[in-house]
Amino acid sequence: MSAETALGPWWPYLVLILVGFLPNEIWRVLAVVLSSGLDENSEILTWVRAVATTLLAGVVAKLLLSPGGALAAVPFAGRLGSLAAGLAGFYAVRRSVIAGVLIGEAALVAIAWWARTGAP
Amino acid sequence: MTLQSDFLAAWRGVRDALAYPAWIVGFSLFGVGSLARDAGLPAGAAVLSTCLMWAAPAQVILFAGLLSGAALPALAVAICVSSLRFLPMTMSILPLVRRPGQRWPVQVAVAHFVAVTAWVEGMRRLPSLPVPERLPYFFGFASACMGVSAVLTLAGYQLVRVLPVALAAAMLMLTPLFFTIALMASARARQDWTAIGLGFALAPVATTFAGRDFDLLALGLVGGTMAYVVGRMGRRA
């Protein structure tokens, strides 16, 4: 009998803990160990912050370049256009994050709808 | 610092989260909920994945992997690599909320709540708060984000496939759109702008040079170090 059948309804939860939760959480716990005694203005943390910011910008760029699910149906130029509209909205409306997000989203819905209904 | 002032700071955190950040991360997890249902998981596991993992990209890897029948050890490795970003993020936020004599269980709890939304917004809002208010504010902010996200994960699980494609695409666009704007809103020094620029510029070529598994790690280390050097030159000049 395999572990899957032995555990029955608990199997998905065991997978979630062992495959999903633990490999993910290890970095957060390791950060607690490594950051003990570090001052918020120390040079090493300034560098760590630069690495984190670059990583995050890279994650965003990858999401735009090769998106999953329904977003893949919107052409790359459309995804880029939505981001440009969002940034323009952010700067136009007194640097408001939510205004930028809403304007970018509106642009994306318009582009997705236009792309689906058969552009000329 | 009293219990009452802690409560007030936590409440301000909840309020600021509910103003919009909680909804943005929540709606991006809506899609994760639908994916969990496609993968044949129970609703409880979908909601629990949001509370325990608190990392939309890793949750997508898990559920999409289960759906395609990937080997579990391979999935665990892929998730581990994808969540590496939490190391520098958590390391940079912990010193901001540290109080004298803080015990490690509190720090592990703070670390658990670190994800992109809480990090970006925390780096933007925490430095301007008085030090004693930062910890309760962060807990209030992050737990409100997680609570809203748990509810919306369940909603996504239940409402799968009734959403028009344009709206589904819009929910998936929330993450890149919000992260980019929030990064720009919190950028202060030359180092931040260089890091954002390099992250975008290096992403298309990183996979070619470092391979699929380690491209983000390489991008973060190379680009981040370059941004640090540029920022340091700026500070000296």
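Figure 1. The secondary structure of chain B comes to 11 helices and zero strands, and from the N terminus on its elements read α-α-α-α-α-α-α-α-α-α-α. Please keep in mind as you browse these views that the model is predicted. A compact globule of 237 residues would have a radius of gyration near 18 Å, and the 19 Å of chain B agrees with that. Along the principal axes, the C-alpha atoms of chain B fill a box of roughly 55 × 50 × 35 Å. Of the 237 residues in chain B, 52% count as buried. Among contacts in chain B with a separation of 6 or more, 79% come from residues 24 or more positions apart.

**Figure 2. The two domains of chain B.** Chain B is divided into domain 1, residues 3-186, and domain 2, residues 188-237. The centres of these two domains of chain B, taken over C-alpha atoms, are 24 Å apart. The model scores ipTM 0.85 and pTM 0.84.

Figure 3. Chain A has five helices and zero strands, following the pattern α-α-α-α-α along the sequence. Its radius of gyration is 21 Å, well over the 14 Å that the globule rule gives for 120 residues, so chain A is more spread out than a compact globule. The C-alpha trace of chain A spans about 60 × 50 × 20 Å along its principal axes. Of the 120 residues of chain A, 44% count as buried. Take the contacts in chain A between residues at least 6 apart in sequence: 30% of them join residues at least 24 apart.

**Figure 4. Where chain B touches chain A.** Here 78 residues of chain B are in contact with 67 residues of chain A. On the chain B side, the elements that give two or more residues are α2 (21-38), α3 (43-52), α4 (56-68), α5 (72-82), α6 (86-97), α7 (104-113), α10 (165-186) and α11 (190-236). The largest share of this side, 20 residues, comes from α11(B). Sorted by class, the side of chain B that touches chain A has 61 nonpolar, 15 polar and two charged residues.

**Figure 5. The largest nonpolar core, with a close look at Leu56(A).** This core has 116 residues, and those that touch the most other members are Leu56(A), Val114(B), Trp119(B), Cys145(B) and Ala169(B). Helix α10(B) gives the largest share of the core, 14 residues. Now zoom in on Leu56(A): leaving aside its neighbours within four places in sequence, Leu56(A) is in contact with Arg85(B), Val116(B), Phe179(B), Leu183(B) and Gly199(B). As general background, nonpolar side chains tend to be buried together in soluble globular proteins.

**Figure 6. Thr225(B) in helix α11.** Our last stop, Thr225(B), is found in helix α11 of chain B. Is Thr225(B) buried or partly exposed? Thr225(B) has 15 C-beta neighbours inside 10 Å, so it counts as partly exposed; a buried residue would need 20 or more, and an exposed one 12 or fewer. Ile196(B) and Thr225(B) lie 29 residues apart in sequence, and their C-alpha atoms are 12 Å apart in space.

Technical notes:
Residues are numbered from 1 along each chain as its sequence is written. Chains are lettered from A and ligands numbered from 1 in the order in which they are written. This is a predicted model: local features need pLDDT of at least 70, side-chain atom pairs count only at pLDDT 80 or more; totals for chains, interfaces and linings use all residues. Two residues are in contact if their C-beta atoms, placed from the backbone, lie within 7 Å. Helices (H or I, at least four residues) and strands (E, at least two) are DSSP runs, numbered from the N terminus. Ala, Val, Leu, Ile, Met, Phe, Trp, Tyr, Cys and Pro count as nonpolar, Asp, Glu, Lys and Arg as charged, and the others, Gly among them, as polar. Domain bounds come from an automatic or database domain assignment. A nonpolar core is a set of buried Ala, Val, Leu, Ile, Met, Phe, Trp, Tyr and Cys residues joined through C-beta atoms within 7 Å. The radius of gyration is taken over C-alpha atoms; the globule rule is 2.2 Å times the number of residues to the power 0.38.
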